[in-house]
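This briefing is meant to be read alongside the sequence and the coordinates. It starts with a helix residue and its rings, then turns to other contacts and to the metal site.

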Amino acid sequence: MATSRRVARSNWATRDGRLPEGEVVVFDIDGVLADASARQHFLKGVRPDWDAFFERCNEDPLIEEAARLLHVIDDRYSIVLLTGRPVSVMDATIAWLGRYQLRWNLLIMRDYGDYAAARDFKAREIVGIREAGLVPVLAFEDDSRNVEMFQANGIPCVYMHSGYY
Ligand SMILES: [Mg+2]
């Protein structure tokens, strides 16, 4: 696979080494494409174990409906995966995407040392996506706070229920 890391920004990866162009559809990963329910227990209690939570992301089952959705979107749109997962699990995430042969063009993850709230991280990345000349036309999210953030930034966003986020 011609996956290329660190194309435009340190926390970005492209599937084929080229940044996509034009209109893009944005997907969250956890709770939208990946069923992270079996990892949620690491976040319970007084001291959430974020390392254990993310380390096991490669074991997540696929959410079949969202995966099908990904593949029926017209080819004129590129797919951006915008996830709050840290870049430390970038390789594991790319391997997981490959295992299920999921369609994607640009993967954006949380950079080292970035502990901003997910909605702030994602709002910042939307600015970066637009600066790269891409036009987000639709998003899919399981966190209602992120849904509101996308809407506030002029991007229609479909809420998908996960029961966690
Ligand atoms: Mg999510």
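In this predicted model, Phe 53 has a relative accessibility of 5% and therefore counts as buried, the limit being under 20%.

**Around Phe 53**
- Trp 50 and Phe 53 form an edge-to-face aromatic pair, with 5.7 Å from centre to centre and 85 degrees between the planes.
- These two residues are three apart in helix α1, so about one helical turn separates them.
- Trp 50, at 45% relative accessibility, counts as partly exposed.
- Ring pairs join Trp 50, Phe 53 and Phe 54 into a cluster, and the charged end of Arg 39 sits over the ring of Phe 53, 4.5 Å from its centre.

**Other ring contacts**
- The count of aromatic pairs comes to five; one of them is Phe 27 with Phe 140, which is stacked because the ring centres are 4.7 Å apart and the planes lie at 25 degrees.
- This pair links distant parts of the chain, since Phe 27 belongs to strand β3 and Phe 140 to strand β6, 113 residues apart.
- Phe 27 is buried at 0% relative accessible area, and Phe 140 is buried at 7%.
- Arg 110 lies over the face of Phe 121, 5.1 Å from the ring centre.

**Magnesium site**
- The magnesium ion is coordinated by Asp 28 (OD), Asp 30 (O) and Asp 142 (OD), at 2.0 to 2.2 Å.
- Asp 30 lies in the loop between β3 and α1 and Asp 142 in the loop between β6 and α5, so the pair ties together parts 112 residues apart in sequence.
- Asp 30 counts as buried at 13% relative accessibility, as does Asp 142 at 2%.

Key. Residues are numbered from 1 along each chain as its sequence is written. This is a predicted model: local features need pLDDT of at least 70, side-chain atom pairs count only at pLDDT 80 or more; totals for chains, interfaces and linings use all residues. Side-chain values use heavy atoms; hydrogens and water are left out. Donors are N, O and S atoms within 2.8 Å of the metal (3.2 Å for Na, K and Ca); water is not among the atoms, so sites may look incomplete. Helices (H or I, at least four residues) and strands (E, at least two) are DSSP runs, numbered from the N terminus. Buried means under 20% relative accessible area, exposed over 50%, partly exposed in between (1.4 Å probe, protein chains only). Rings of Phe, Tyr and Trp (its six-membered ring) pair if their centres lie within 6.5 Å; planes under 30 degrees apart count as stacked, over 60 as edge-to-face and the rest as tilted. A charge sits over a ring if NZ of Lys or CZ of Arg is within 6 Å of the ring centre and within 35 degrees of the ring normal.
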